[in-house]
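Q: I have just opened this model and have never looked at it before. Could you walk me through it?

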Amino acid sequence: MLRNPINFPPFDDLNSTCAICLTNMKPGQGHAIFTAECSHSFHFHCITSNVKHGNQICPVCRAKWKEVPFQNPVSDTSHGRPRINAAGWPADDAWMTVLRRLPPARLDTNQHVSSFFHAQEPSTFDDDEASNQQHENGHADQSASDGASDSRSMGTVEVKTYPEVSAVSRSVSHDNFYVLIHLKAPVTSRRQNNNSQNSRAPVDLVTVLDVSGSMAGTKLALLKRAMSFVIQNLGPADRLSVIAFSSTARRLFPLRCMNEAGRQEALQAVNSLISNGGTNIAEGLRKGAKVIVDRKWKNPVVSIILLSDGQDTYTVISPSGRNPRADYKSLLPNSIHRNGGTGIKIPVHSFGFGADHDAASMHSISEISGGTFSFIEAEDVIQDAFAQCIGGLLSVVVQDVQVKVDGVHPSVQISYIKAGSYQTSVAGNGKIGYVDIGDLYAEEERDFLAIINVPVDRNCDQTLLLKVGCAYKDPITKEIVTLEGASQVKIERPELIRAQVVSMEVDRQRNRLHAAEVMAEARTAAENGELARAVSVLDICYKSLSETVSAQAGDRLCVALCAELKEMQERMANRQVYETSGRAYVLSGLSSHSWQRATARGDSTDSTSLVQAYQTPSMVDMVTRSQTMLLGNPSSHRKLRQALSFPAARPQPR
């Protein structure tokens, strides 16, 4: 019940005085403190009494709370953290179960959450914790890698090639001849031996989380639950650091091993987050990158997860009519750029949360750093989206993958290689081509199209055009594996060609790349205010795809692409729809296609869109774990749809 205002202490003393009993809240008095999302604090026993009859209004500022203390706390709260529950959430929600199991907090029970943002930070973040698997040289210990050299039965990267057609007349030359290069990463022994810690490379993960004022209430509660899931699914050799940002940024704790003690500290820190202030994405990324660059020890896999629901109000100048595209590079420190010069690749997997985030900036951050951009339109899908991401990161089997294409016939030249956002180069007067891929998750696939010329070859029944190989690093042993000429591209050279059969594999990948190019073109038109033109180019592409060989054969990839093109047309119907969801949906789709990596996008209850494109078995496993973990009320939780990898996707009719 609200007390008489004349009895309240001065405003500056509100957070040191319980507004219910009007006594001081000082360390060492044996009383736990509850800090509400509006930033006002109370004795835990006072506020639980205040809300036990359903009151969810702050006694000080009258704000309506989304989170309230549990009404049946443990009998002794003097050494534990106050418990909260999200209003309307079931008490047996699995995330809340985790919070109930938290041991006594290491923080003083009267320490305010905001102290995270005011405490002194070291100038250098070299206070990271070393795991038992790390040598003093900063690399993972091969011999101590849970017996990895004995237990893992990792195969090699699979390389296949497919010429556009199997035969070309010996007296005819063929320019712009397509050759598909297909790679598939090996299966980890995790899926063979059901022991993830024995078979994969450990991860250094930094999460950069928006806790600005717009995250208050349900958004923050959902973020805490998603982070709880991430923490529980990291292994003892994995390390996590959390950066929280609003108007400024704060490292909540250094890179810690996610053993039992590390998990407990991480859960407590995440549960302590409150929302207030503006949105300073650049400062959050700067601090997140600093954690990685300054670390003393190094796990082989490294990544940043960035989540924000708003627009940076501190670094990026809003675009004007003359400059419709802002320069978002200013949001990223040089160390995060793919060619930043630090020698460390730090992909940022960004997540745009809700309808008000800046999709253009989030997409640019991911594109510049080599990560993916996901659009979380339905806010309660955030845990599944995080699960999909870490399902990949926790299954990296090869690193620094580079494809090499060698022209074998003296007259063959490589014109260029279509590889989306992957860096390509052609050297030696068109005789050698390269594609730099980076890390691959277990069973992840990549497809690239090399465009070459086929010369006249009058004296041969067969022409050897190309040899394709690759090189990569084993992240556990650090061994460099080289596969020279793993696949050869040959075509028959008869005198006459009666009937030409186009390769289904090449045709479907041409369709995928063409669709991605059209999506980018439509996005440019939409940004220029030409929504009618954007819809038109998408529709033309839709009709063109429908007439291709693979589409006529009922290829599932083409069906899925057509469904995606139609979805984009709907999200470009008018300016309001495009601004609200269309831009983010298109950009998350472009991110997925350009990297050939799974992203979450749109409203994941809509089974026509390609939320599961490029999903690997490890991602499916983790998403399934996320969905089955929500025990309280599964029917109320929107799910990322279950699907196989991209080629097998089977969209449902609208």
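Q: How do the axes of helix H10 and helix H11 cross, and within what distance do they come?
A: This is a predicted model, in which local features need a pLDDT of at least 70 and side-chain atom pairs count only at pLDDT 80 or more, while totals for chains, interfaces and linings use all residues. Residues are numbered from 1 along each chain as its sequence is written, and side-chain values use heavy atoms, with hydrogens and water left out. The axes of helix H10 (residues 504-527) and helix H11 (residues 531-546) come within 7 Å and cross at roughly 170 degrees, which makes H10 roughly antiparallel to H11. Axes here are lines fitted to C-alpha atoms, for helices over the stretch in contact, with angles from 0 to 180 degrees between N-to-C directions. Angles under 35 degrees count as roughly parallel, over 145 as roughly antiparallel, 65 to 115 as roughly perpendicular and the rest as oblique.

Q: Which residues of H10 and H11 meet?
A: On the H10 side they include His514, Val518, Met519 and Ala522, and on the H11 side they include Leu531, Val537, Leu538 and Cys541, where a contact means heavy atoms within 4.5 Å. By class, the contact of H10 with H11 has 12 nonpolar, two polar and two charged residues. In this scheme Ala, Val, Leu, Ile, Met, Phe, Trp, Tyr, Cys and Pro count as nonpolar, Asp, Glu, Lys and Arg as charged, and the others, Gly among them, as polar.

Q: And H8 with H14, at what angle do they pack?
A: Helix H8 (residues 359-369) and H14 pack at about 10 degrees, with their axes 9 Å apart, and the two are therefore roughly parallel to each other. Ala359, Ala360, His363 and Glu367 of H8 meet a set of H14 residues that includes Arg583, Leu587 and Trp595.

Q: Staying with H14, what does the side chain of Thr580 reach?
A: Thr580, which lies in helix H14, has a side chain that reaches the backbone oxygen of Gln576 at 2.8 Å. Thr580 and Ala355 are 225 residues apart in sequence, yet 5.6 Å apart in space, C-alpha to C-alpha. Because its relative accessible area is 40%, Thr580 is partly exposed; buried means under 20%, exposed over 50% and partly exposed in between, using a 1.4 Å probe and protein chains only.

Q: Changing topic, which side chains does His182 join by polar contacts?
A: The side chain of His182 has a polar contact of 3.3 Å with that of Glu445 and one of 2.7 Å with that of Asp447. A polar contact is a pair of N or O atoms within 3.5 Å; within protein, one must be able to donate a hydrogen and the other to accept it, and residues adjacent in sequence count only if both atoms are side-chain atoms. His182 lies in strand S6 (residues 174-184) and, at 11% relative accessibility, counts as buried.

Q: Zooming out, how many helices and strands does the protein have?
A: The protein has 15 helices and 19 strands; helices (H or I, at least four residues) and strands (E, at least two) are DSSP runs, numbered from the N terminus. Buried residues make up 57% of its 654 residues.

Q: Where does pLDDT stay under 50?
A: One such stretch is residues 70-92, for which the model has 69 contacts beyond four places in sequence. Over residues 189-197 the pLDDT is also below 50, and that stretch has 23 contacts beyond near neighbours in sequence. The protein averages a pLDDT of 80, with 72% of the residues scoring at least 70, pLDDT being the predictor's confidence in each residue, from 0 to 100. Where pLDDT is low, the predicted coordinates should not be read in detail.
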